[in-house]
Amino acid sequence: MILDILFPDRCFYCGKIGRTICSNCLAKINKPYLFRKVNDDYFDYVFCGSFYRGFIKSRIHSFKFHKKAHLYKYFIELCLRDKKIVEFLKKFDYIVCVPMHYKKELKRGYNQSKLLAEELGRKLDVEVLDCLEKVKENKTQSLLSEKERAKNVKNVFEYRGEIDLKNKNIILVDDILTTGSTVREISKMLKENKANIICIFSI
């Protein structure tokens with residue numbers, strides 16, 4: 001396509017034309033990532049594509065706060081570099097994302113978790129559900145302590161989907177996983193709607 005010629009993929013690490021992440025840079029950041037089964041009351045697996053530091057931290061900051069929405073595809077390619085993890089995630093029934101309050105989304109212009117979820121759905125061929133809503137504005141989680149974060153997300157989300165989640169396995173996408181308060185609150189709600197296995201997926 002003409003657009004591919006005019007705007008070819010470039011490695012988001014070094015800028016080399018060819019792939020969203022070139023093989024040399026992928027080798028540099030191939031590890032670490034986190035993927036494990038967890039003993040949590042509401043979710044069952046956790047996947048994080050990298051630690052929040054260095055180059056990745058600066059790119060996530062640009063993605064969230066500096067209108068670099070296009071970076072979603074780079075992050076998903078980074079996260080899906082392990083074929084075993086890809087095959088595991090393909091077995092899930094649905095993907096959902098952490099919703100953003102509509103006022104904040106209007107101000108930012110996009111929900112970064114939604115962009116990640118939609119790209120993940122395309123890559124895995126798993127349906128993405130738009131079934132969660134953030135019904136209350138709350139304080140920014142990064143400014144709070146772990147105890148305050150858990151309290152801050154209480155009763156701010158609602159499930160408004162029409163699809164029966166009973167015995168369905170769900171990937172819940174968020175951009176960053178810190179204390180897990182937000183994804184735990186949403187996972188609790190999904191489990192109350194009879195969801196089966198929940199895997200938290202984050203950059």
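1. A nonpolar core is a set of buried Ala, Val, Leu, Ile, Met, Phe, Trp, Tyr and Cys residues joined through side-chain atoms within 4.5 Å; buried means under 20% relative accessible area, with a 1.4 Å probe and protein chains only. In this structure the largest such core has 37 residues, and those with the most contacts inside it are Leu-89, Leu-120, Leu-124, Ile-171, Val-173 and Phe-201. Among the elements that give two or more residues to this core are α7 (112-124), β7 (170-174) and β8 (198-202); helices (H or I, at least four residues) and strands (E, at least two) are DSSP runs, numbered from the N terminus. A second, separate core of 23 residues includes Phe-43, Val-46, Leu-172 and Ile-198.

2. The model is predicted: local features need pLDDT of at least 70, side-chain atom pairs count only at pLDDT 80 or more, and totals for chains, interfaces and linings use all residues. Residues are numbered from 1 along each chain as its sequence is written, and side-chain values use heavy atoms, leaving out hydrogens and water.

3. Not counting residues up to four places away in sequence, Val-173 touches (heavy atoms within 4.5 Å) several residues, including Ile-95, Leu-116, Leu-120 and Phe-201.

4. Val-126 is found in the loop between α7 and β4 (127-128). Val-126 is buried, with a relative accessible area of 7%. Beyond four places in sequence, its contacts include Leu-89, Phe-92, Tyr-94 and Gly-121.

5. Asp-40 sits in the loop between β1 (34-37) and β2. A polar atom of the Asp-40 side chain lies 2.8 Å from the backbone nitrogen of Tyr-42, and this side chain also reaches the backbone nitrogen of Phe-43 at 3.4 Å.

Technical notes: Buried means under 20% relative accessible area, exposed over 50%, partly exposed in between (1.4 Å probe, protein chains only). A polar contact is a pair of N or O atoms within 3.5 Å; within protein, one must be able to donate a hydrogen and the other to accept it, and residues adjacent in sequence count only if both atoms are side-chain atoms.
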